[in-house]
Amino acid sequence: AKKTWRERLSGSAFAKNLGALFSRKPKLDDALLDELETALITADVGVAASTDLVENLRRRVNKREFEDATQLLAALREALIALLVPVARPLAIAPEHKPFVLLMVGVNGVGKTTTIGKLARRYQQEGHDLMLAAGDTFRAAAVEQLKTWGERNRVPVIAQGSGADAASVIFDALQSAKSKGADLLIADTAGRLHTQSGLMDELSKIRRVLGKLDASAPHEVLLVIDGTTGQNAINQVRQFRAAIGVTGLVVSKLDGTAKGGVIFALAKEFGLPIRFVGLGESLDDLRVFDPAAFVDGLLP
Ligand code: GDP
């Protein structure tokens, strides 16, 4: 059966820290607020967001708005959800684009290729006529993984030999998708080249080349962030934003060893839409981001 958000998130440092803090029926005082701030920072929420959240709660405690720690926890829940609601904007595959071009970016190992498989399956089930482009030409395994996936699920995959030019693979794929009348093209890209500037040049070349066939493409640049990478996630968003522009995020691996809080730091820092989150390795573990379900999964 599909796991609940809570089942998937309860192992996080976020859930454990706050569980420990509130289970001992603490007094509503400054010490509790300080411990809460530490717990949030330790769980990857980030210093800026944690300080903001706790200072707001402290003001309300001073105004005697809460009678006990349980009411404080309820207020924290609302504040956390409020922080995420603006970024919980699902991806819409706009039908006026033929095809809608979805470019997947992210550093190696974040779950980019498996996320492409899960997304493709989701959109296939929703009735989209889709194609994939094996644009991570730097890694032969990624090309093979995508081809195998495509064969198994009867989705055409456009690929060239390993070491091929990624922009040329994706250009071919868009041409082919146009001629076949596909309505969705999902393109993989490399997550690492010999140099950082190599990767960023390649991504901007992909954008340039796509623009020759469709001035509005790509219609979505989805950056996959590994939820276990902590504050380094912030740097990754900055770099990909500068290189190609990012229109949405997928935060993967929030189950397991993730501390759980990085989404709040991302929301506070960038305000970019969080389209999906990864709560595990199976197909139905890629979920449309739901702030209330997420926050309730983290809180005691
Ligand atoms: P890529 O290098 O970015 O293409 O990464 P892959 O797609 O090959 O994924 C790397 C590993 O992360 C694989 O073992 C995936 O099964 C795993 N993975 C991806 N998403 C999730 C997730 O949400 N939760 C967990 N636990 N593992 C994930």
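How many strands form the open sheet, and in what order? Eight strands form it, in the order β3-β2-β4-β1-β5-β6-β7-β8.

## About the model

This is a predicted model: local features need pLDDT of at least 70, side-chain atom pairs count only at pLDDT 80 or more, and totals for chains, interfaces and linings use all residues. Residues are numbered from 1 along each chain as its sequence is written, and side-chain values use heavy atoms, with hydrogens and water left out.

## The sheet

The pairing in the sheet is mixed. Helices (H or I, at least four residues) and strands (E, at least two) are DSSP runs, numbered from the N terminus. Two strands pair if DSSP finds at least two bridges between them. Strands of a sheet pair through backbone hydrogen bonds, either parallel or antiparallel.

The edge strands are β3 (157-158) and β8 (286-288). Each pairs on one side only. Strand β7 (residues 274-278) pairs with β8 in the antiparallel sense, over three bridges. Gly278 has Leu286 of β8 as its bridge partner.

## The ligand site

A ligand nitrogen atom is 2.7 Å from an N or O atom in the side chain of Asp255. Taken alone, the ligand exposes 590 Å² (Shrake-Rupley method, 1.4 Å probe). The protein buries 79% of that.

## Backbone details in the loops

Which peptide bond leads from Lys98 to Pro99, cis or trans? The bond is cis, with omega near 0°. Pro99 is in the loop between α5 (69-84) and β1 (100-105). The bond from Ala217 to Pro218 is cis too, with omega near -5°. Pro218 is in the loop between α9 (196-213) and β5 (220-226).

Asp44 has a phi near 75°, a positive value in a residue other than glycine. Asp44 is in the loop between α3 (30-42) and α4 (47-62).

Conventions. Polar contact = N/O pair within 3.5 Å; in protein donor to acceptor, adjacent residues only side chain to side chain.
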